Amino acid sequence: MPLFVRVSVAPLVLLASAALGFGQDVPPLRAPAVPLVVHDPYFSIWSNVDQLNSKRTEHWTGKPNRLTAYARVDGKIYRLMGGDPRHSQQPQPILHQTSVEILPTRTLYKFAGAGVQVDLTFLTPALPDDLDVLSRPLTYLEWTVRPTDNGQHTVQLFADALADVVVNTPDEKTVASRYLLDGGPVLRMGSREQPVLQKYGDDLRIDWGYLYLAADRNEGVTEAAMQHGDALARFDKDGRLPVNDDFSEASGNDRAIAYSLDLGRISGPASRYLMIAYDDLYSIEFFERKERAWWRRNGGDAASLLRDGRRDHDGLATRCQQFDAQLMSDLRKAGGEQYARLASLAYRQTLGA
């Protein structure tokens, strides 16, 4: 098997034609594709539209790699991420997206409506001076919800990952399972066949290893492995997920692992996060020998990946804010505001490739 994987530059192919203005008063960057969960050519999920809640998320090859997110405010759900209303019997309302910002380690979305503001951040700690952290295939989905009307609101959050994230083609069967890590639930999903490093080429998605979802803490968490539409319907009705999973083998890519987070009744800012991680088991074949990823070199496994991710979150969030601020400042000095924005987007794809 070849050592290198060819990577398309499709998400950023339009950047070459953009003007590198040196003025600071420039309109917001309208990226050809917005990076969400971008670690390597397989764990690479993007939004190819201006509004995160108007269309499904996709792998860099353009095939579906669906993540969805919803907020339930005072008993009514609103879509934040994804765009697949066929699962609902009636049109799904959305929260209006007010902004999106792409930084070297973070993508920040803001939504408003129903008396609240929702900040949804994709934090990928791509810190070039810390190879242990840089090599971790783990992204944080962070929410902060705050009232905008001086009132109180009951808020629950929902996020899931669908089976097309773990298969190459929709006909492949998937399996899901759960276990406890430090007393908290973890859900995982992967292909049944697990053809480790058996394919190579360009237009491919990973179909070996396992995708994991885990929450920041146990309070207010419910989780389930089931059909996406069923999970969303239960969340819509109850603000939580059922206690029973559907662990049967399933083909078709509407199978999902889902989490709900109950913020309770809020009168000020409230924050939670989920970890989304992908343990590919073996990452590369070199001279007919399968090799582990760098983060696994000392015996690490999925449990340690999630445990380290939870332990390090707060410190990494601070470090990433400082890194983003410093790099963006340097880029602005080198070429202006628009140059800095383009370079930030290129940074995300370069490290993901």
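Which residue in S12 does Val 175 stand opposite? The model is predicted, and local features need pLDDT of at least 70, side-chain atom pairs count only at pLDDT 80 or more, and totals for chains, interfaces and linings use all residues. Residues are numbered from 1 along each chain as its sequence is written, and side-chain values use heavy atoms, with hydrogens and water left out.

**View A. Strands S11 and S12 form a hairpin.** Strand S11 (residues 174-181) and strand S12 (residues 184-191) run antiparallel and are joined by eight bridges. Strands (E, at least two residues) and helices (H or I, at least four) are DSSP runs, numbered from the N terminus; two strands pair if DSSP finds at least two bridges between them. Val 175 stands opposite Gly 190. Two residues lie between the strands, and Asp 182 has a positive phi near 50 degrees.

**View B. S1, S2 and S3 form an open antiparallel sheet in the order S1-S2-S3.** Strand S1 (34-38) and strand S3 (58-59) are at the edges with a single partner strand each, so one side of each has no neighbour in the sheet. Four bridges pair S1 with strand S2 (residues 44-47), and Val 34 stands opposite Ser 47. Helix H4 (residues 337-352) lies across S1 and S2 and runs at about 30 degrees to S1. Axes are lines fitted to C-alpha atoms, for helices over the stretch in contact (heavy atoms within 4.5 Å); angles run from 0 to 180 degrees between N-to-C directions.

**View C. Helix H3 (residues 302-335) spans only 41 Å between its end C-alpha atoms.** A straight helix of 34 residues would span 50 Å at 1.5 Å a residue, the expected span being 1.5 Å times one less than the number of residues. A kink of about 60 degrees is centred on His 313; the bend is the angle between axes fitted to the seven residues ending there and the seven starting there. Gly 336 follows H3 and has a positive phi, near 95 degrees.

**View D. Helix H2 (residues 228-238) has buried residues His 228, Gly 229, Ala 231, Leu 232 and Phe 235.** Buried means under 20% relative accessible area (1.4 Å probe, protein chains only). These residues cover an arc of only 160 degrees around the axis, which puts them on the same side of H2; the arc is that of the directions from the helix axis to the C-beta atoms. Among the elements covering them are S4 (67-73) and S14 (221-227).

**View E. Gln 156 lies in strand S10.** Gln 156 counts as buried because its relative accessibility is 6%. Its contacts beyond four places in sequence include Tyr 70, Phe 235 and Asp 262.

Notes:
Buried < 20%, exposed > 50% of the residue type's maximum accessible area, 1.4 Å probe, protein only.
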